[in-house]
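These are my notebook entries on one protein chain. I set down what I looked up and what I found.

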Amino acid sequence: MTGEISLKGAVLPVGGVKEKCLAAYAEKLTDVIIPKQNKLDLEELSPEVRNSLNFHAVDNVLQAASLVFGWNLNQEESENLLKLSLLDVNKMSKL
């Protein structure tokens, strides 16, 4: 995954999704994590490429981390972790 996240953990849209997916396909990767706001970019891919990859569209960094590290967080656990990380960001911004 390449991309950008906000200080609050939101996954922001990125450019070049088609090219990144083609590179993943060429390297025989099986899973690609993309920002949810980039889902429409997948329409630019050929059916062969789209059907060969598993796409995971995420809204926040915890969803991405859960996929990468195999965490099995339920909705409540995810929300609690996001709240904790936001508290840390708020503390750091006051320094």
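**Entry 1: the strand pair.** I looked up the bridge partner of I33 in β4 and found H56. The model I am reading is a predicted one. I then followed the pairing along both strands: β3 and β4 run parallel and are joined by five bridges. Between the two strands the chain passes through α2, and this β-α-β crossover is right-handed. I also checked how well β3 is covered, and recorded that four of its five residues are buried.

**Entry 2: the chain as a whole.** I listed the elements next and noted four helices and four strands. In sequence order they give the pattern β-β-α-β-α-β-α-α. The chain has 95 residues, of which 24% count as buried. I also looked up contacts between residues at least 6 apart in sequence, and 45% of these join residues at least 24 apart.

**Entry 3: helix α1.** Which residues of α1 are buried? In this helix, which spans residues 17–26, I found V17, C21 and A24. Viewed down the helix axis, the buried residues of α1 lie within an arc of 55 degrees, so they line one face of the helix. I reminded myself of the general rule: an α-helix has 3.6 residues a turn, so residues three or four places apart point the same way. On the face of α1 turned away from the buried side I found the exposed residues E19 and A26. I then asked what covers the buried residues of α1. The cover includes β3 (31–35), α2 (47–52) and β4 (54–58); β3 and β4 are the parallel strands of my first entry.

**Entry 4: K28.** After α1 comes K28, which sits in the loop between α1 and β3. Is K28 buried or exposed? Its relative accessibility is 71%, and K28 therefore counts as exposed, the cut-off being over 50%.

Entry 5: I located E43 in the loop between β3 and α2. At 60% relative accessibility, E43 counts as exposed.

Entry 6: I found S66 in helix α3, which covers residues 61–69. Its relative accessible area is 14%, so S66 is buried, as the limit for that class is under 20%. Leaving out residues up to four places away in sequence, I recorded that S66 touches W71 and L73. S66, W71 and L73 are also among the residues that line the second largest pocket. Others in that lining include N60, L62, Q63, N72 and N74. The pocket holds about 170 Å³ of space. Which elements give two or more residues to its lining? I found α3 and α4 (75–93). The most comes from α4, with four residues.

Notes: Residues are numbered from 1 along each chain as its sequence is written. This is a predicted model: local features need pLDDT of at least 70, side-chain atom pairs count only at pLDDT 80 or more; totals for chains, interfaces and linings use all residues. Side-chain values use heavy atoms; hydrogens and water are left out. Buried means under 20% relative accessible area, exposed over 50%, partly exposed in between (1.4 Å probe, protein chains only). The arc is that of the directions from the helix axis to the C-beta atoms. Contact means heavy atoms within 4.5 Å. Two strands pair if DSSP finds at least two bridges between them. A crossover is right-handed if, with the strands pointing away from the viewer, the path from the first strand over the helix to the second runs clockwise. On a 1 Å grid over the protein atoms alone, a cavity is a set of points where a 1.4 Å probe fits but cannot get out, and a pocket is an open set with protein on both sides within 12 Å along at least five of seven lines; lining residues have an atom within 4 Å of a point. Grid points are joined across faces, edges and corners, and a volume is the space filled by probe spheres set on the points.
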